[in-house]
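Trainee: Could we go through this one together, slowly, before I write anything in my notebook?

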Amino acid sequence: MDVLALEAKNVNGAEAEKKSAPRPKPKAPKKAKRIVYFEVEIVDLKTKEKLLLLDKVEPTATVLDIKALFHKAYPKWYPARQSLRLDPKAKCLRDEEVLQTLPVGTTASFYFSDLGPQLTWGTVFLTECAGPLIIYLMFYFRLPFIYSPKYDFTSSKHWVVHLACICHSFHYIKRILETLFVHRISHGTMPLRNIFKNCGYYWCTAAWMAYYINHPLYTTPYYGQQQVNIGLYIFLFCQVGNFSIHVALRNLKSPGSKTKKIPYPTKNPFTWIFWLVSCPNYTYELGSWIGFTVMTQCVPVAFFTLVAFIQMSVWAKGKHRSYLKEFRDYPTLRSSILPFIL
């Protein structure tokens, strides 16, 4: 009986200790973070007139989001047509830039300018390439009003003329197919007015080349078939190389991604030139036109090749500088377009 009483006393004591023990205080609910909204003012770059005031813009909004809000107020200015900048003399802001990362306070002023009607780059590339393809074939088949009437729809007796037509057509058909199925174009649009300049250059030079190569009085290369073969081998080698580089650059980006990466050689030997140049697609493109020049021995082709080299060198230098600026570990051995030279 004493044992039972002792056990009951111990139990009661334990329960008393539990009751007397302090209970942990419940945690106070976390306070919600206060979102600081922005006030965005859009001003006309030329007139300095205030066009729109956007209130309570979220700090995570991108420049593209702001363009979309501006488009709602002014439907004629769709996002691709808008240029926004923080200062009248500054560069245009990229669509992916975030409002809270820009050097502005909670009240931001954007300067707007109209870029004019826009075309997608895919449309531009297709138009640029389809023109030379069709124009060259018009001269090859010697349509009326091009040469003397007695040569209408006649065919050249020189094999190199037919070979040149095949190579020229192959080049532009390849570019059209690459535009449709290979290229991932990062730039969305281009001003409509630029297409006349671009197409004018490509179409006119194609007509100039085609006129002389397909002319009834065209003379074959000085060194004959050997010179034609050398030019053909250079052309074909560089066309395969150019295609290989385009595929490698495509595989570097996932669909819809704008993340930039350093291009490196792959298992394809044609891409090994990446060890030496930043823009081997231009290197191979230049080589193709050099081969075409050797094969046809035509002055207009040589002129086109020279102008193309100058223009591609400008593009390649710009791309090379961009790589060096964006990537600290960018390979220092690389040149822009010509290994160890340029």
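This is a predicted model: local features need pLDDT of at least 70, side-chain atom pairs count only at pLDDT 80 or more; totals for chains, interfaces and linings use all residues.

Trainee: Okay, what is the order of the strands in the open sheet?

Mentor: The open sheet has 4 strands in the order S2-S1-S4-S3, and the pairing among them is mixed. From one strand to the next, the twist averages 25 degrees.

Trainee: And which strands stand at the edges?

Mentor: Strand S2, residues 50-57, and strand S3 are the edge strands, and each has a single partner strand, so one side of each is left without a neighbour in the sheet.

Trainee: How many bridges join S3 to S4?

Mentor: There are 4 bridges between S3 and S4, and these two strands run antiparallel.

Trainee: Switching topic, where does Leu-99 lie?

Mentor: Leu-99 lies in the loop between strand S3 (82-85) and strand S4 (107-114), and with a relative accessibility of 1% Leu-99 counts as buried.

Trainee: Which residues does Leu-99 touch, not counting those up to four places away in sequence?

Mentor: Among them are Phe-38, Val-40, Val-57, Pro-59, Ile-66 and Phe-110. Take Val-40 as an example: Leu-99 and Val-40 are 59 residues apart in sequence, while their C-alpha atoms are 9.6 Å apart in space.

Trainee: Last one, at what angle do H7 and H8 pack?

Mentor: Helix H7, residues 280-296, and helix H8, residues 299-326, pack at an angle of about 170 degrees, and their axes are 9 Å apart. That angle makes H7 roughly antiparallel to H8, because angles over 145 degrees count as roughly antiparallel.

Trainee: And which residues meet there?

Mentor: From H7 they include Tyr-282, Leu-286, Trp-289 and Phe-292, and from H8 they include Phe-304, Phe-309, Met-312 and Trp-315. Sorted by class, the contact of H7 with H8 has 12 nonpolar, 3 polar and 1 charged residues.

Key. Residues are numbered from 1 along each chain as its sequence is written. Side-chain values use heavy atoms; hydrogens and water are left out. Axes are lines fitted to C-alpha atoms, for helices over the stretch in contact, and angles run from 0 to 180 degrees between N-to-C directions. Angles under 35 degrees count as roughly parallel, over 145 as roughly antiparallel, 65 to 115 as roughly perpendicular and the rest as oblique. Contact means heavy atoms within 4.5 Å. Ala, Val, Leu, Ile, Met, Phe, Trp, Tyr, Cys and Pro count as nonpolar, Asp, Glu, Lys and Arg as charged, and the others, Gly among them, as polar. Buried means under 20% relative accessible area, exposed over 50%, partly exposed in between (1.4 Å probe, protein chains only). Two strands pair if DSSP finds at least two bridges between them.
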